[in-house]
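Please look over the sequence and the model below. The report that follows takes up selected features in turn.

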Amino acid sequence: MSNPTRRSMFQLAAAAGAGAATTSFTGKRKEVTTYVFVTGSNGVATGDPELTMRGHRVVGVNLPGHGPEEQYTMAYQAPQDLAKLAAMPSPVAEVTLDDYVEATVDVVRKVSGYGPVILVGFSMGGAAITKAADAVPDLVDRLVYDSAFCCSKLRSPAEYQETPEGKQSLAPALLEGIVGDPRVINAIRFNWRTADRKFLDKAKAVFMADGTEGEFLAMLNTLLPDESLQVASADARGRKEAWGRVPRVYIRHTQDRMIPLALQDRMIREADAMTPGNKFKVYSVATSHGATPKTYRQITDILDRLAK
């Protein structure tokens, strides 16, 4: 006789996404869509818990040098030792876009056996997902650029930032938050934990103008201080015969002041011109670069529908 208590516990665990795969008692694996998230600059591996509660699998890519345990130090903690912080070696000093791509492809390979893979890149993470799909196009069922860089006509995010559309960005205001000499530590280091009201007001305008102060500070405290100098200028273009045949989605952030809407639209147009038989499916959300919890629910709904 079967144990009904153990059976119900197993079913609950499976529904919650526990374990490496969802398996029925007949031994037949049930395919589940896996969302693989690649963060933007200064971000940590993360996902979308709501998608898990809706029955999907969610994995965040651990980018090299981006572990909080690698970047958070006592010098960065309060009270801060800014002189020490400015001189410390960086864990991302030698990290390249190829390293990000390798980490992303590794995750895609691991999860692709369990069902469809939707690869989601946010902001600078768009460069990594393009090159990952270029490497393993048959393992990626859909690409999602969430207000992210998609390089096609121009080679790198840095080149797109220098376009007339890119120069509308408020991102240069963030340079006031740099600690140390990037040429010395071979990385760009921000002091996101500063109490400088003037800088924080500028950063809020860049990242989350539509959020409350609490929402903005909560987001800011998730960011790592260091980011590689090499990723933004690397060639992040995909090939027509590889990346170009993977179905793709762009989620426009219509109030974005980091990657302005005009730049998002330019990247969409240029990618579509490169692969006219495989154009972006475009969605729009009225949000800043960093969505508030309320507006991010709309992004969750979009992502959820892509699996159906």
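## Charges over rings

In this predicted model, the charged end of Arg193 lies over the ring of Tyr72, at 4.8 Å from the ring centre.

## Aromatic pairs

A pair of aromatic rings is described by the distance of the centres and the angle of the planes. The model holds 6 aromatic pairs. One of them joins Tyr145 and Phe280. Their centres are 5.5 Å apart, with 80° between the planes, and the pair is edge-to-face. It links distant parts of the chain, 135 residues apart. Tyr145 belongs to strand β6 (residues 142–146). Phe280 lies in the loop between α11 (261–274) and β10 (281–285). Both Tyr145 and Phe280 are buried.

Why is the pair of Phe190 and Trp192 stacked? Planes under 30 degrees apart count as stacked. The planes of Phe190 and Trp192 stand at 20°, and the ring centres are 4.6 Å apart, so this pair is stacked. Phe190 has a relative accessible area of 7%. For Trp192 the value is 3%. Phe190 is buried, and Trp192 is buried too.

Together with Tyr250 they form one aromatic cluster.

## The sheet

Strands of a sheet pair through backbone hydrogen bonds, either parallel or antiparallel. Here 6 strands make an open sheet, and the pairing is parallel. The order is β4-β3-β5-β6-β9-β10. Strands β4 (57–60) and β10 are the edges, and each pairs on one side only. From one strand to the next, the twist averages 20°.

Inside that order, β5 (residues 117–122) pairs with β6 in the parallel sense over 5 bridges. Ile118 stands opposite Arg142 in β6. Helix α12 (residues 293–306) packs on the sheet. Its contacts are with β3 (34–38), β5, β6, β9 (248–253) and β10. The direction of α12 makes about 160° with that of β10.

## Two buried helix residues

Which helix holds Gly126? Gly126 is found in α6 (residues 125–135). Its relative accessible area is 0%, so Gly126 is buried. Leaving out residues up to four places away in sequence, Gly126 touches Gly121, Tyr145, Ala148 and Phe149. Tyr145, from the edge-to-face pair, is thus one of the residues that Gly126 touches. Between the C-alpha atoms of Gly126 and Lys294 the separation is 23 Å, and these residues are 168 apart along the chain.

Asp304 is in helix α12. Is Asp304 buried or exposed? Buried means under 20% relative accessible area. Asp304 has 6% relative accessibility, so Asp304 counts as buried. Beyond residues up to four places away in sequence, Asp304 touches Tyr35, Leu51, Arg54 and His56.

## Confidence

The mean pLDDT of the protein is 92. A pLDDT of 70 or more is reached by 90% of its residues. Residues 1–27 have pLDDT below 50. Beyond near neighbours in sequence, that stretch has 18 contacts in the model. Where pLDDT is low, the predicted coordinates should not be read in detail.

Definitions and conventions:
Residues numbered from 1 in each chain as written. Predicted model: local features only at pLDDT ≥ 70, side-chain atom pairs only at ≥ 80, totals over all residues. Heavy atoms only, no water. Phe/Tyr/Trp six-rings, centres within 6.5 Å; stacked < 30°, edge-to-face > 60°. Helix = DSSP H or I, 4+ residues; strand = E, 2+ residues; numbered from the N terminus. Buried < 20%, exposed > 50% of the residue type's maximum accessible area, 1.4 Å probe, protein only. Lys NZ or Arg CZ within 6 Å of the ring centre and 35° of its normal. pLDDT = per-residue confidence, 0-100. Contact = heavy atoms within 4.5 Å. Pairing = 2+ DSSP bridges. Axes fitted to C-alpha atoms, helices over the stretch in contact; angles between N-to-C directions.
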